[in-house]
Amino acid sequence: METVDVTPLNDDELQGLDAYWRAANYLSVGQIYLLANPLLREQLRPEHIKPRLLGHWGTTPGLNLVYAHLNRVIRRQDRRLMYVIGPGHGGPAIVANTWLEGSWTATYPNTTRDEPGMARLFKQFSFPGGVPSHVAADVPGSINEGGELGYSLSHAYGAAADNPDLVVACVVGDGEAETGPLATSWHSNKFLDPARDGAVLPILHLNGYKIANPTVLARIGDDELTSLLRGYGHEPYLVEGSDPATVHQALAATLDRCMSRIDEIQREARSSSEPPQRAVWPMIVLRTPKGWTGPRTVDGQPVEDTWRSHQVPLSGVRTNEEHLRQLESWLRSYRPEELFDEQGRPVDSLLELAPGPDRRMGSSPHANGGLLTRDLELPSPEDYAVPVKVPGAEDGEPTKVFAAYLRDAFRLNADYNNLRLFGPDETESNRLNAVYAATGKAWLANRRDTDEHLAADGRVFEILSEHTCQGWLEGYLLTGRHGLFSSYEAFVHIVDSMVNQHAKWLKTINRLDWRRPVPSLNYLLTSHVWRQDHNGFSHQDPGFIDHVVNKKAEVVRVYLPPDTNTLLSTMDHCLRTRNYINVVVAGKQPQPNWLDWESAALHCARGIGVWDFASNDNGEPDVVMACAGDVPTLETLAAVSLLREHLPELRIRVVNVVDLMRLQDASEHPHGLTDAEFDALFTTDKPVIFAYHGYPWLIHRLTYRRNGHDNLHVRGYIEEGTTTTPFDMVVLNNLDRYHLAMDVIDRVPALGTHAVATRQHFADQRTRHHLHVTKYGEDLPQVSEWRWIS
């Protein structure tokens, strides 16, 4: 790795940076420990200490060091910088720095920059009613909590995309660097367009230890680490040491060099008439001791520069007099009397080192992306609707039709650069390739003549890592832009944990008045469970819906459009929303078009409703046949057709569900039906046969308190699957038309014994299907060629 052997700081600059760093360190230690006596006006006593010591010291001094030096860069070069912090346990550092620079007080005016405000700052940290120990949404300037590690770098690149004047400094913890998502996200530099995007400056914080172990990258040697980082396509610069003055000079010089190199790369790309080539972007490896400037030993054990400094180095402060005296000595080592005046206000020389309100990192509008969000210009979905003269008479390919809508959305927003499509190498497979008429796939690596649709300025981000796609999209959304994640249904589970974190972030910002709403996280899940017959059991899993429904009702929405026009209406709605996680599941294969545009729009607006064209109950059904999802809808209507043919006297009501959350009670979800509305649709005393896209117990869970729940019988995916035909998939899971029709016969008392022959006929049809499919490898003609007849 290269080092920069110059000393750019004069004595005043060096002393100023060191004082700022000491102030941030003092404030950080105070947050972890102090309940009172914030400026040590008197000798520390046990009652000054928090009863529960929570937080993490080990990574904090390094984060404070970087923050102070980035402030210098901002002031000297008038740059727009964001700070993304991978070591989420470094919460004390970012709270301290945002208070020092003034953005914390601007956000929370009662936490003033004086002694009472400092006392509040200290008490609130990891304290009931206060702020978490991580860099959570409560912290101004943050878009990455880091409670779960691995996502900082992909968030940073998502933030930099389409932000040409922004540099995102991303501190990657060396423990975090061991995660799969982080390891893959180093490749993000192959997708960054220096002509149109901003830049990311990764800073690998190599302090050597995790909670109780050394980190891999700290122990592989400089040659191997250099080869690894260069192999990822970076130009690494090394800053290391434990002497503060030496490290200050080295970090200042290295940041100057890196910023100069970023400027050079962008200037060359933006002044050239040729498409930009992939740049070798600079990065920094910062090797400083873990727990730097903290206690060197505690109880005879080494602490600084070991794993013991990871959390709270002095754990017995309220009960151990020696620990208490060590803490006081530690705090006084930062010389707070030089840093804060009699009122507890940072001295003027420190305040002068912070950027102005329009440049400080804690006040960056990019980190409060709703401030910058521009509504999408969207085409009218009606213009793309397919004609439906007779329900079910013709087939459509829903995602292919939606792709034309999305293509034109890209065109309408071309001047604003605020829309992107993300996915793991599945855009064409999911029938969305029409977007390539408007934009290409972002790609800065080498190209060959056989490649298609690759472009440096492409607005489609594809990499075969769901984690990286999700991280890019989250960074893009949280900085105020719009996006869509398209994935195979079974493999979106890979980002389950990332969805958890984003849902928690959205829940948190809903209670923070200063956080402005951001565009929703939209999923289009296709190649779904019922049409993965060709790939087999490994590709068959609809459980992402169950996972999402666990999140707070104020955040999650789940949609199951049954055909082309309902998909258009649903996606148009989702792209306009804010602060939600919208999950849309829709097939890409040819399937019946049921509703014309007007009917589809009305049905989606309701979210649930009776399909009159398929019902003959005249307000008094013998049975309600409900369905949610495209294949369950097809099988339900086919079952209705069979029942009408064989049992014409049976009164059937068909209820289709687009918005799954309508099934919940209105007191549990904003979209939920009241009991009266639910009863009017499903009755309180008639059997309900419900064909559902996913795991059947979710429907029971959503409706368990409803009247007539004992009459509800749900069919769905029961973990039966293989490589087989489309219809055989539903047969294996008892979701097929014949089984649904048999369920009706079994549960409508009025049918009595006179329907026994009809039931036997349906059972025989399932047997005939099995014999046919195992002999010929395709579905029975009466199944594959079936059409709804009104």
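Me: Start with Arg80. What stands opposite Arg80 in S2?

Reply: Leu166 stands opposite Arg80 there. S1 and strand S2 (residues 166–173) are a parallel pair, joined over 6 bridges. Strands count as paired if DSSP finds at least two bridges between them. Helices (H or I, at least four residues) and strands (E, at least two) are DSSP runs, numbered from the N terminus.

Me: Before we go on, what sort of model is it, and how are residues numbered?

Reply: It is a predicted model, where local features need pLDDT of at least 70, side-chain atom pairs count only at pLDDT 80 or more, and totals for chains, interfaces and linings use all residues. Residues are numbered from 1 along each chain as its sequence is written, and side-chain values use heavy atoms, with hydrogens and water left out.

Me: Fine. What is the strand order in the open sheet with S1 and S2?

Reply: The order is S1-S2-S3-S5-S4, an open sheet of 5 strands with parallel pairing. Strand S1 (80–85) and strand S4 (234–240) are the edge strands, each pairing on one side only. From one strand to the next the twist averages 20°. Angles here run from 0 to 180 degrees between N-to-C directions, and axes are lines fitted to C-alpha atoms, for helices over the stretch in contact.

Me: Which strands does helix H6 lie across?

Reply: Helix H6 (residues 152–160) lies across S1, S2, strand S3 (199–205) and S4. H6 runs at about 175° to S2. Contact means heavy atoms within 4.5 Å.

Me: What about the phi of Asp305?

Reply: Phi of Asp305 is near 65°, again positive in a residue other than glycine. Asp305 sits in the loop between strand S7 (301–302) and helix H10 (321–332). With 40% relative accessibility, Asp305 counts as partly exposed.

Me: Change of topic. At what angle do H1 and H9 pack?

Reply: Helix H1 (residues 11–33) and helix H9 (residues 244–271) pack at about 105°, with their axes 10 Å apart. H1 and H9 are therefore roughly perpendicular to each other. By the convention used, angles under 35 degrees are roughly parallel, over 145 roughly antiparallel, 65 to 115 roughly perpendicular and the rest oblique.

Me: Which residues meet there?

Reply: From H1, Leu14, Leu17, Asp18 and Trp21 meet Pro244, Ala245, His248 and Gln249 of H9. By class, the contact has 5 nonpolar, 2 polar and 1 charged residues. Ala, Val, Leu, Ile, Met, Phe, Trp, Tyr, Cys and Pro count as nonpolar, Asp, Glu, Lys and Arg as charged, and the others, Gly among them, as polar.

Me: How is the chain divided into domains?

Reply: Domain 1 is 11–356, domain 2 is 389–592 and domain 3 is 610–785. The bounds come from an automatic or database domain assignment. The C-alpha centres of domain 1 and domain 3 lie 57 Å apart.

Me: Now the sheet with S22. What is its strand order?

Reply: This open sheet of 5 strands runs S18-S20-S19-S21-S22, with mixed pairing. Strand S18 (608–610) and S22 are at the edges, each with a single partner strand, so one side of each has no neighbour in the sheet.

Me: Which residues of S22 are buried?

Reply: In strand S22 (residues 712–715), Leu712 and Val714 on one side and His713 and Arg715 on the other are all buried. Strand S21 (residues 688–692) pairs with S22 in the parallel sense over 4 bridges, and Val688 stands opposite Leu712.

Me: Last one. Where is Val657?

Reply: Val657 is in strand S20 (residues 652–657), and it is buried at a relative accessible area of 0%. Its contacts beyond four places in sequence include Leu560, Cys627 and Phe690. Val657 and Leu560 are 97 residues apart along the chain, with their C-alpha atoms separated by 7.3 Å.

Methods. Buried means under 20% relative accessible area, exposed over 50%, partly exposed in between (1.4 Å probe, protein chains only).
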